[in-house]
Amino acid sequence: MNVSGVSTVTEFILLSFPCSREVQILLFLLFFVSYILTLMGNGAIVCAVKLDPRLHTPMYLLLANFSFLEICYINTTVPNMLQNFLSETKTISFTACFFQFYFFFSMGINETLLLPLMAFDRYLAICQPLHYPIIMNNRLCMNLVALCWVTAFLCYPIPIYFITQLPFCGPNAIDHFVCDPGPLLALSCIPAPGIELSCSLLSSLIIFITFFFILGSYTLVLRAVLRVPSAAGRRKAFSTCGSHLAVVSLFYGSIMVMYISPTSANPAGIQKIITLFYSSVTPLINPLIYSLRNKDMKAALRKIHMCGEISQDK
């Protein structure tokens, strides 16, 4: 990191959303409410799956892990963003910035790995119904989930290490609310097109491989569903997959715009809006998508609500 005769940066300033103090407070309240609702919605799904024995199946275990991931994902960005809304300095240390970068990207990669696993589960359930209980049991399901977590956290240490070795000698203001590679690389004292291209290629590789895996899985599912003779059976199959397809569309649509093109190609304002969408908005609406379209999940959530009311009456 050291460059002779040049002082190095020890902290960064996350500009977040520059605006008046009154608007900053309004944004704080808005994102705080959104943050609490996200924790409650995803936490309710985790609790419902844990407490209802009927939901101890691979599909719901994957959904519970996905909801837990969303809780972790939003905690990599929103608490610091809320703090910045009320802070005068808006600073983050060099080390904390790169830790946020690491965990933010690791959680995002984990999501791109869990979504194909959920698609594969639906493929087996619909296309291989007789073999499904044998192939996808709870133990294999949890082993695959653990593999997703481990793989996700092993993808970005090397790229992040090389970025930390770049000389950051000022300015130190990041026009973002999170330590993202694009704004960080823009602050380096020397151009780093190789690192920027490497990050873009790694992101593109992960996104395209997982996206085409999902696309292939649901193509086979669609072929199988169209062969179902009864309209009721087709509706049930489509309903089972509809929630997952909605989440996939929201998440992949935003990250493809953000990370497949080189980071410098996106203006700062667009980067912030897209990052805000896939890191904060989608974790908020995902519980609604899954719970509103799933009868078993709605029944489990109602059961938790009734138990809560009974305990309060006592």
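## Cysteines and a helix pair

C189 has a relative accessible area of 32% and is therefore partly exposed. The model is a predicted one. C169 is also partly exposed, at 29% relative accessibility. C169 and C189 form a disulfide. C169 sits in the loop between α7 (157–164) and β3, while C189 sits in the loop between α8 and α9 (193–226), so the bond ties together parts 20 residues apart in sequence.

The structure holds 2 disulfides. The other joins C97 to C179. C97 belongs to helix α4 and C179 to the loop between β3 (173–174) and α8 (181–186), so this pair links distant parts of the chain, 82 residues apart. Both C97 and C179 are buried. The link of C97 and C179 is left-handed, with -125° about the S-S bond. With the bonded cysteines numbered in sequence order, the pairing is 1-3, 2-4.

| Disulfide | Sulfur–sulfur distance |
|---|---|
| C97 and C179 | 2.0 Å |
| C169 and C189 | 1.6 Å |

C72 counts as buried, at 18% relative accessibility. C141 is in no disulfide, and the nearest cysteine sulfur, that of C148, is 9.5 Å away. C141 is buried, with a relative accessible area of 1%.

Helix α2 (residues 58–75) and helix α4 (residues 94–127) have axes that come within 10 Å and cross at roughly 165°. The two helices are therefore roughly antiparallel to each other. Their crossing is left-handed. Among the α2 residues that meet α4 are L62, F66, L69 and C72, and the α4 residues in this contact include F104, M107, L114 and M118. By class, the contact has 14 nonpolar, 3 polar and 4 charged residues.

Technical notes:
Residues numbered from 1 in each chain as written. Predicted model: local features only at pLDDT ≥ 70, side-chain atom pairs only at ≥ 80, totals over all residues. Heavy atoms only, no water. Axes fitted to C-alpha atoms, helices over the stretch in contact; angles between N-to-C directions. Helix = DSSP H or I, 4+ residues; strand = E, 2+ residues; numbered from the N terminus. Parallel < 35°, antiparallel > 145°, perpendicular 65-115°, else oblique. Left-handed = near helix turned anticlockwise from the far one by under 90°. Contact = heavy atoms within 4.5 Å. Nonpolar A, V, L, I, M, F, W, Y, C, P; charged D, E, K, R; others polar. Disulfide = S-S within 2.5 Å. Buried < 20%, exposed > 50% of the residue type's maximum accessible area, 1.4 Å probe, protein only.
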